Amino acid sequence: MRMGRRIAATLKRTAVHAGPTVLGIIVLDFLFLQLMPGNAADVMATEAGSATEETVAALRHQFGIDQPVLTQLLNFLGHLAHLDLGFSPRFNTSVADLIMARLPNTLLLMVTALALALVLGIVFGAVMAAWAGRWPDRVLSVIVLLFYSMPGFWVGLMAVVLFSVKLGWLPSDGNETIGADLTGFAMVSDRLAHLVLPALALASFFVAVYARLTRAAMLEVQRQDFMRTAKAKGLHPLLIQLRHALRNALVPVTTVAGMHLGNLLGGAVVVETLFGWPGMGRLTLEAVLGRDYAVLLGVLLLSSFVVIVANVLIDLLHAWLDPRIGSA
Amino acid sequence: MPLLSVDGLSVAFPGHAAVREASFSLAAGETLALVGESGCGKSVTAFSVMRLLPPNARVVSGRILLEGADLLALSESEMREVRGAQVSLIQQEPMTSLNPVLSIGLQIAEVIRRHEKLSRKAARARAVELLDLVSIPDAHRRIDDYPHNLSGGMRQRVMIAMAVACRPKLLIADEPTTALDVTTQAQVLDLLDDLRHRLGMAVLLITHDLGVVAQWADRIAVMYAGRIVEQAGIEPFFAAPLHPYSRGLLGARVDVDADEHYSTHRLTEIPGNVGSAAGQAGCSFAPRCPVAQPACRQAVPPLVGLGDERAVACPVTVSSHSSPLLGGEAR
Amino acid sequence: MSVQAEQPVVVPARTDTSGRAASRRRRRLRAFLRNPTFIAGAGILAVFVLLALFAGLLFPGDPQDMVGQPLLWPGQDAEFPLGTDSLGRDVLAQLVYGTRASLLVGVASAAIGLAIGMAVGSLAGFFGGWVDTVLTRLIELFQTTPTFILVIVIVAIAEPSMPMIALAIGLASWPTVARLVRAQFRSLRESDFVMAARSLGYSRLRIIVQEILPNALPPVIVAASVMIANAILTEAGLSFLNMRDPNVVSWGGMIGDGRDQLRTAWFLTALPGATIALAVLSLNLVGDGLNEILNPRTEP
């Protein structure tokens, strides 16, 4: 009952917050893309080698980019209301279809990397805090600081050298073995094998972020009065750390995890390009290079929506972890 | 045999002795008030009994006997059997001493399930009973509340429920009402006293508030700069405090009923402060003492028994104990 | 009219007598010198700064010129201690010149991000009310948009030149600082010395810039070193994706170029990446050290 009320309150608060943010993002992205020097019509005309005034004008009219900016924005908003993200001149399909085809792959990569980062980060952080100042802490601190400093894509490349080139254990390209036509368990394990290196590359930086944060939060919690209360009850130290300390320490960790979701999705662009992962991130780069702003606008919007939705989930997790949130 | 007997306890932090040669004992069912200014070592003494000192503190010497068994000699896991079951703790700050992210029901039930073989359901039922016992209205509904739903007084009641859950023999209450307003203070202390009688617990009450001591304690031990300087029964103590520091304390005391904020300016009328005692030879109180003599600065005065459970660590007082006029000269 | 004459003279709390300020500065300096984390970070960073300054002296000539046999491994030829790439360019020379691009982009973009973030954060935190509501929404807006994709879009709009890359990273990185400064201002605006300054009739601008900002700085200084570090990482990612100034050597670009030889000459990716890691590490060490010095309660 109480939990249900709190979840409802959290959802309401988030919705009130997210509405204007969504609208702001739409307008902001649209304005950015209006500043683009070249557009799809120009690029395609140039590539086709038939850059006459007439063909360009015809293409511009076909895509509706010869109209005033405000009209284009209103058109776009109108289409958005019908979940229509427009048509990609470059890929010759609807933007919504294009993105929806890529979205699941990106989500899979993102969720795997986030889960990996949270689990490893929290475990490392808790271990570091438990042995604070002694050798497990020192060793882990150095490792974590290194991962905090290395570019994720470079970690990925080095992992490719080790696990794909030298050892030949894991594939380094795409999200499945092309033409293998696997089914059932074989397919799942093939997909998983393809997922390992990209997810590790994407997660490496965030493992370090969460480990550092968890360590600091756990050490902070140790000083609290309720920790002495828990010890005064005769509870086992492990139980005290897991039930009393970690639960409190996770509150700031999840807050920061929410703030990093955008960065995680941004990091996916490089990692997806590097591993030939057919996701939204790689689509971003293709759209930029092809100056296909319908696609770019769609990707930007959708990735922002993904961040908003993920933030709602984090907020709910937060409300579950911290009963003070969402209660009047 | 006393329930608890602390014998020559010394506790040190790096570069600073917090408790020095403290000895006192506590009979079953009795309330002993440990009194002194903040920083005098009374909380450290209490935490030593539970062996919950901060990581940088160390017991240098002494014994802490609970029913004859030395707690300092127990292994950590043996000690965990004692904590919460035989000795339990109530802390000063009810706002921070409960875990904010766990329901009060869970926090009460976990100590029960730790020390008694009870099912989750039975432990929960016991927790409801305990909330009832500490007079929390609507206990069966309140049990799923989180600490932030409760007022300071209510939280301290929850702390008490948690502390008495396994019927400990000894309850250590570290300034249990300092953070509460005066009306709530009296209610909480009445509740503690009532439970003490009903459950037959001894209470080690740590406080700086002589009004609290006068009303709820059986005996008093006064601490100054890490040492116990006087021990006495409540009536003789308030009739005639012997140690010059105790006399100063009583002189500094404003009438309880007259001023609810008196605790904020409690000891200011004794010139100087505890800090001035650091690192000097002889009696720590000598620099602030109105009756100090040259001998007081030479050697630490021992706690001398005067019979009738009374002891004082002041040679000036001991030598003139026959003269009851001293109490009047203190100011 | 005579109000000024009647006002009591209140000295803001942070104004020290000069003697005490000097001794505090000395204590600060000793704290810096005694902090091994800070010293290690600052030492490595100093080496990079020197390399960036004297790259032209150490390696005269264009680092992008072909100078030797292609794909020499490190140690194979004493003339090229770290080997050559597929176009026969000296890897060591490129690494040294790359320091310039990374440090320039890092410092410039952090400066831009700090300027915007401090302006937005201090206005939101000082004024509160609707100003705060609007600016907080703006901060949220920029935090929701994936930073890296935003940078890519901005760089794609303009030419991928060094100033543009720095501007793009700066534009995308200010929200963190804004949040931090806003929180500091909210807690400091009610403090005694601000009240004193208000009662003296100081202008809002003066209160913001001279009274609150200096006291809000310590966490911002820590954030700045982390911002430079993150900017270097972002720049590396961008130039790895080939969104870079083609006339400037950059570490990320070297990784991108070397990637084609990943199977045969992996040192071409390993070396620039390790260099990035070392540079970012030095900044993170400086940040950690500063945090310990300026904010001593965080560590036991």
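1. Two strands pair if DSSP finds at least two bridges between them. Helices (H or I, at least four residues) and strands (E, at least two) are DSSP runs, numbered from the N terminus. In chain B, strand β1 (residues 4-13) and strand β2 (residues 16-26) pair in the antiparallel sense, over 7 bridges. B:F13 lies opposite B:H16 of β2(B). The hairpin of β1(B) and β2(B) has 2 residues between the strands, and B:G15 adopts a positive phi near 80° there.

2. On provenance, this is a predicted model, in which local features need pLDDT of at least 70 and side-chain atom pairs count only at pLDDT 80 or more, whereas totals for chains, interfaces and linings use all residues. Residues are numbered from 1 along each chain as its sequence is written, and chains are lettered from A and ligands numbered from 1 in the order in which they are written.

3. Chain B also holds an open sheet of 8 strands with mixed pairing, in the order β6-β7-β8-β3-β9-β10-β12-β11. Its edge strands are β6 (87-90) and β11 (304-307) of chain B, each of which pairs on one side only. From one strand to the next the twist averages 20°. At one end of that order, β11(B) and strand β12 (residues 310-312) of chain B pair in the antiparallel sense over 3 bridges. B:G307 stands opposite B:R310 in β12(B).

4. Helix α1 (residues 42-50) of chain B touches β3 (31-35), β6, β7 (170-174), β8 (202-207) and β9 (219-224) of chain B, and its direction makes about 150° with that of β7(B). Helix α7 (residues 152-164) of chain B touches β6 and β7 of chain B, and its direction makes about 175° with that of β6(B). Axes here are lines fitted to C-alpha atoms, for helices over the stretch in contact, and angles run from 0 to 180 degrees between N-to-C directions. Two residues are in contact if their C-beta atoms, placed from the backbone, lie within 7 Å.

5. Chain A has 13 helices and 2 strands. Of its 328 residues, 44% are buried; a residue is buried if 20 or more other C-beta atoms lie within 10 Å of its own, exposed if 12 or fewer, and partly exposed in between, with C-beta atoms placed from the backbone. Among the contacts in chain A between residues at least 6 apart in sequence, 72% join residues at least 24 apart.

6. How do helix α5 (residues 95-130) and helix α8 (residues 184-222) of chain A cross, and at what angle? Their axes come within 6 Å and cross at roughly 35°.

7. Where chains A and B meet, 19 residues of chain A are in contact with 24 residues of chain B. On the chain A side, the elements that give two or more residues are α9 (225-232) and α10 (237-259), with α9(A) giving the most, at 6 residues. That side divides into 5 nonpolar, 6 polar and 8 charged residues.

8. A:I240 is found in helix α10 of chain A. With 19 C-beta neighbours inside 10 Å, A:I240 is classed as partly exposed. Neighbours within four places in sequence aside, A:I240 is in contact with A:M227, A:A230, A:K231, A:L235 and A:A245. The C-alpha atoms of A:I240 and A:R228 are separated by 9.7 Å, and the two residues are 12 apart along the chain.

9. Between chains C and A, 34 residues of chain C are in contact with 43 residues of chain A. The elements of chain C that give two or more residues to this side are α6 (129-144), α7 (147-157), α10 (204-240) and α12 (267-294). α12(C) gives the most, with 8 residues. By class, this side of chain C has 21 nonpolar, 9 polar and 4 charged residues.

10. C:P74 is found in the loop between α4 (55-58) and α5 (91-127) of chain C. C:P74 counts as partly exposed because it has 17 C-beta neighbours inside 10 Å. Apart from neighbours within four places in sequence, C:P74 is in contact with C:P81, C:L82, C:G83 and C:F267. C:P74 and C:L141 are 67 residues apart in sequence and 47 Å apart in space, C-alpha to C-alpha.

Notes: Nonpolar A, V, L, I, M, F, W, Y, C, P; charged D, E, K, R; others polar.
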